[in-house]
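Open the model in your viewer and keep the selection tool at hand. Each stop below says what to select and what is there.

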Amino acid sequence: MCFLKTTRKPDTLLHLIYNANDVENLPSFMDDWHQSLEVGRPPAAQTYEARQQMPYQTSHRKTNKNCRMETCFDSSRCDKDFRVFVYPLSELETTCVFVIAIDTLDRDPLSPDYLRNIPVKMQRLRHWSGGRNHVIFNLYSGSWPDYNEDDLGFHTGDAILAKASMSVTNMRPGFDISFPLFHKKHPERGGEPGFVRSNTYPITKNYKLAFKGKRYVLGSGSETRNSIFHLHNGKDTIVVTTCKHGKNWKDAQDERCDVDNTLYEKYDYGSLLKNSTFCLVPRGRRLGSYRFLEALQAGCIPVLLSNNWALPFDEVIDWNKAVIWADERLLFQVPEVIHSISETKLFALRQQTQILWEQYFNTIEKIVFTTFEIIKERLPKLQSRDGIVWNTSPGALVSQHSYTNYLNFNLPFNYHLFGKQPSPNFTVVIFSQHNNLNTPLYRLVRNIAASKYLTQIVINSCSDNNGKSGYQTIAGIQILVSSGNGCRRFEPLPFIKTEAVLSLDDDVILTSDEIDFAFHVWQSFPDRIVGFPARSHYWDNGKDSWLYTSKWTNEYSIILTGAAFYHQYYNTLYTQWLSPLLIKTVEQSHNCEDILMNFLVSHVTRRPPIKVSQRKHYKEQANNGMPKSPWNDPDHFMQRQTCLNTFVVLFGYMPLLQSSVRFDPILFKDPVSNFRKKYKQIELVSN
Amino acid sequence: MFIRLACCRLLRHKKLIYISIFISFLLSFVYVVVLPHIFTLLQKPPSKIQEVYQYVIPEDSPIVPTNSRCTFYDCFNIYRCGHKFDGDFKVYVYPVAKHVDKDFIPIGGKISKEYHSILSAIVESQYYTTNPEEACVFVSSIDTLNQNRFRVKETSQALALLPHWNDGQNHLIFNMVPGTAPDYKTVVDLSIGKSMVAGVGFDSWTYRSSFDISIAIYSNLAISLSNNYTFKYRTTFISTIQTNLHNDFITSLKSIEKQKSTTQNITIRVIEPCSHNRHDRTIICHENTTYNYADILADSVFCLILPGPRLMDMVFIDSLAAGCIPIVAINHVVLPFFEVIDWKRAVIMWSETELNTLLDVVSDIPLDRRKEMSAQGRWLYQTYLSSLKIITMTTLKILSQRLHPHSSDFYENWNLRPHPVSARNPLFLPYMSDSSGFTAIILSYDRIDSLFTLINLISKAPSLQKIIVVWNNQLKSPPHFSEWPKIDVSLKVVQTTANKLSNRFFPYREIETEAVLSLDDDILMLTLDEIEFGFQVWKEFPDHIVGFPSRTHVWNNKTNTWKYESEWKNEISMVLTGAAFYHKYWNQAYTYIMPNNIKQWVDDHMNCEDIAMNFLVSNTTNKAPIKVTPKKKFKCPQCKNTEMLSADQGHMATRTSCVNMFAAIYGRMPLKTVEYRVDPVLYRDVFPTKLKRYNNVGEL
């Protein structure tokens, strides 16, 4: 049998034959020790102040390397709600997280944006108290030549650092947040979409791997950047570097610089991004670089050469689904690694780059909100979303805690993933602006009640009625009249127990077949608005603005919520998630709430709504054959035009999308007997 | 038997006698010499952990202090780890030896059966190597699982004497019980230089990110807890299950227990160690009554887990196994395999200082969520924690992912329970395609007239970018290129090597567009408007099959089978690929991912390839196909749908059997039935035709 090769002196080594055949007779690792006599440790101190006395709490003056959420963050401030306080607003007792209004983004003393007297300013902050519950945002720290990650030029104490280019080992686990590095011109909201507009399979690009950037002849990061040119083959791998950077690059240039600089000029960075399957993202002076987000947006799968870099928001994002990690120590394996990846996996990686870019990175607003959401999820009392929600479309920012109540499956987006369907029933919410219930309503209620999927009819009444709600019987049907909702159409009423809501105006005409059919369509597309009256928007070059139209066109982008199915979740999202400015626009104009709902849903799903059946006139006709006001009121119409443009400004872009399809029953208007058709009434609806 | 009979027959031919003798000889050789060896070869190889040596550790033997700042990038020597890209790497296990100090007193207890299992698991795995020179990772055979069972200094010295130690570089130290009384360190107290710790009970200060591996402690009780699991009504809402809690916890929990049981209908049960038998882990006590540990776990919805002497002990594993949802209220704890397992799906993380508000929040968790968490916990237990072999293999898998991050499994692979109805749509990008055009693929055999008519027809479609004719006839060459219609788009003829239906779904490199329009060569009645509209619909629903001829399937109560249906009905569940748009990815999936027996059956029987495609897409996406426009006839105005002809009853029977067979292969009926079709917005509207984009739509 084989003997151990050893360099040790023979006298320290004695051979002994040990019978290992009866393994069962071996002791257990839990034997031979009096476990039951051991007693656990006492609970951590109850209050934040008392926890500060713990031995690992050191001085507040520098960054407190020992911070963890349990020790340095006072979560008792977050009991009621997750509120963020931005200096210098007035004091709030319930503030959970503080953000200082001092620009700490650029802490490189050589940079023109470097703010010099931060320590003094920090001392003036009223609530600083050693940095407790503060978040400090930072993009660059340290400077030439070592670019020390910790060197911010001021003491952060117990504050959470949301910082770019952090290394995994330098982060305080579960405390600091790795932050993306973005350009100064990164938009606050709106944001550019990803470049992938056509999801071709397989990915066929001119280049397999590309890089164009500086190399540093000297100093931090130079080792990696100086060696990557070896990957360049001029065919499918384009890796070009330049020595030109800073003022004095010529002093330190090496013999390759001339060749490199010439080659560098031959390629355009933008076109490399677009025409390459993979983009090399090596460390720069710091671990992170702009090109990471640039590659992500371009759908050019990042190949990371930045050992130990904590990728942005890696606490919640599964980056394995969108990037390829390479190892700086194994540079020459990069080509082999990327060639070993299957086309199917590439296809998935590229799609994920786009999803992540648009969900968390394309605006400053999203980046900052994501940071807060991560902090929020760490607090035990506020429930957290699992990785599926974070890493699938439409992402965590639009998947609100309060609705999901630990459950993610009831969100409108994930049904297909789990092979589920929304429950097969719906609640009708009739929005009534009138005090007295009118005649058309009777007919409407009768038609609705004929649907076997109906659970309940709720009238959301504008009349105050001292905020009382109660049952009324209309046309023999019990109806819940809910008052005191401030005339807010999309108030998430507690009476709604179904996922599907059929939102109706009180003077709508719809047959029960139409309702049932629309509900059937909605069940296949529970994330969209599915309904009858369609409208459209278009860009007018002459007026330089968006126009709203109710004319019959070949496309539509809005389904009015006067007769439409949508997921109950959107009520919550509308009320709790939309910017207060948007809600204010609606409340001041007493108009446009349906347009805003369409903006919201299209923004979240990146898909247009769905129009069902031929019906165009869905309102009671007035005597002159025209629909009743206010729909024909020109002022009303102008107002909607204004809304459209205001919303675009506040969203930062136009989220509405055009569709040119209409959903009809399979045998609609087919020359077969009406008896064979399931939705007979729809045949009779004329336009 | 057969061979012997053959020999007898051979005997009749005298010439062959010699041959038969030779064959008998050969046979006896097989029986006598080869077979016994085959059996020994098939037997489990004998345990390789059996050579045992005794080492004497000199008193002054050096130790290497643990480097607490180690990272994967500066303490781990990646160059030892080969150049494979499939996640493979090699682990060397030192031979088992006995270590004694200078007085010949052992430095620790005998190797435990648990550590023996860990070493055996490695030895039996694909990672094992006997050659230390090719090893990437080294595992010592000194049992370091329980710090109470070895002497720290001497064990550190013994480790440092290992022949390939090299300051501990690339060594993996397994530990499940770190720390000893009274300070209970949260990591094993050994001095191990640059070694990695695969340990239990780290806190977030002692765990070295990207370097150590947080593993699970093995619980021998858990298996039986897991086997007896049922998700029935559980009478207790929250139980504590630890007998070694600090008194302060007991006191504050007792006060919560009193408060809540009077005011609300939720119970919290704080168990105690049994005074009469503190050592037996299978019994625990509550208010002077003795209970079975297993019964308490099986009867509680939630198990509250607080800091014991060590941050992580067996109760966590036990409660997962028993389906009692763990509430982990241990500040700074590092959970097992946390870098790949999303514990939030199965565990409630709480703060040990906020126990008083626990009940309010936990009681809000709805019942179906509780069921889900309980099931997830049990699944995680079974998949990653239930045996030492599984724990070891999970540890090595994580190590493999660090070495080869590009071959890492995704979040879903680690955390989603396999479920028959769940789907992972490979076309998950939420977008409306910007594609400017599509590629038409026409399957053809010999109907040249019909084919040319079709090519002439579709070549005028503005969005058409290329036509590919799949020429499936090996007996007859396709027409000479001069005979083909002269059209404006490029036309490519693919001559196949065998007349197989799956050729029409091959992901040809020549398909450069996202969308494919799949056509039979006799589909002559589509209008250009219909084609253009169909493409538009596909762009809006790029993950669906979007097409014209629709079919459905119905359940036959009498025969308890599915029936394929081509009548005009109010429902559809399939769109035939004789005229349908779909994403090119599905060709890849059909050719390389779809169950091979389906593909084989289709090619053998020359039928049902369209049904197979519908099954594939619906099974992958959980979505129904989309039928566009009322169009129902495709071949000629007079023709009835061939599938409706009674003469074709055999054909219909075959299609019905396909539906049943495919459903059996997938283990479910993936097809989704819907009652809608899709028309242009202004279809049938009384509206000036010149303002309608798609006019020539609607003739049957």
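## Stop one: a helix in chain A

Select residues 569-576 of chain A, which form helix α16; 6 of its 8 residues are buried, so this helix is largely enclosed by the rest of the structure. Buried means under 20% relative accessible area, exposed means over 50%, and partly exposed lies in between, with a 1.4 Å probe and protein chains only. Helices (H or I, at least four residues) and strands (E, at least two) are DSSP runs, numbered from the N terminus. Now colour the buried residues of α16(A): Tyr569(A), Tyr570(A), Asn571(A), Thr572(A), Leu573(A) and Tyr574(A).

Before moving on, note that this is a predicted model, in which local features need pLDDT of at least 70 and side-chain atom pairs count only at pLDDT 80 or more, while totals for chains, interfaces and linings use all residues. Residues are numbered from 1 along each chain as its sequence is written, chains are lettered from A and ligands numbered from 1 in the order in which they are written, and side-chain values use heavy atoms, with hydrogens and water left out.

## Stop two: the whole of chain A

Select chain A. How many helices and strands are in chain A? There are 20 helices and 25 strands. Of the 687 residues of chain A, 61% count as buried. Chain A exposes about 28300 Å², and 52% of that area is supplied by carbon and sulfur atoms. Accessible areas come from the Shrake-Rupley method with a 1.4 Å probe; for residues, only the protein chains shown count as cover.

Contact means heavy atoms within 4.5 Å. Take the contacts in chain A between residues at least 6 apart in sequence: 69% of them join residues at least 24 apart.

Select Ser178(A), which lies in strand β8 (residues 177-179) of chain A. Is Ser178(A) buried or exposed? Ser178(A) counts as buried, because its relative accessibility is 1%. A polar atom of the Ser178(A) side chain lies 2.7 Å from the backbone oxygen of Leu311(A). Leaving aside neighbours within four places in sequence, the residues in contact with Ser178(A) include Lys163(A), Met166(A), Met171(A), Leu311(A) and Phe313(A).

Next select Thr353(A), found in helix α10 of chain A. Thr353(A) is buried, with a relative accessible area of 0%. Not counting residues up to four places away in sequence, Thr353(A) touches Leu296(A), Gly299(A), Pro302(A) and Ala322(A).

Then go to Ala475(A), in the loop between β16 (470-474) and β17 (477-482) of chain A. Ala475(A) counts as partly exposed, at 32% relative accessibility. Apart from residues up to four places away in sequence, Ala475(A) touches Tyr442(A) and Arg446(A). Draw a distance from Ala475(A) to Trp577(A): the two are 102 residues apart in sequence and 37 Å apart in space, C-alpha to C-alpha.

## Stop four: chain B

Select chain B, which has 19 helices and 26 strands. Of its 700 residues, 60% count as buried. Chain B exposes about 28700 Å², with carbon and sulfur atoms supplying 55% of it. For contacts in chain B with a separation of 6 or more, residues 24 or more positions apart account for 76%.

Within chain B, pick helix α5 (residues 152-160): 7 of its 9 residues are buried, so α5 is largely enclosed by the rest of the structure. Among the buried residues of α5(B) are Glu154(B), Gln157(B) and Leu159(B). The cover over the buried residues of α5(B) includes β3 (97-100) and β6 (171-175) of chain B.

## Stop five: where the chains meet

Show both chains. In all, 133 residues of chain A are in contact with 142 residues of chain B. The two chains bury about 12800 Å² between them, 57% of it on carbon and sulfur atoms. Buried area is the accessible area (1.4 Å probe) that two parts lose on being put together, summed over both.

The count between chain A and chain B is 10 salt bridges. A salt bridge is a side-chain nitrogen of Lys or Arg within 4 Å of a carboxyl oxygen of Asp or Glu. To see one, select Asp670(A) and Arg677(B), whose side chains meet in a salt bridge (3.8 Å, N to O). Finish on α10(A), which supplies the largest share of the side of chain A that touches chain B, 9 residues.

Notes:
Polar contact = N/O pair within 3.5 Å; in protein donor to acceptor, adjacent residues only side chain to side chain.
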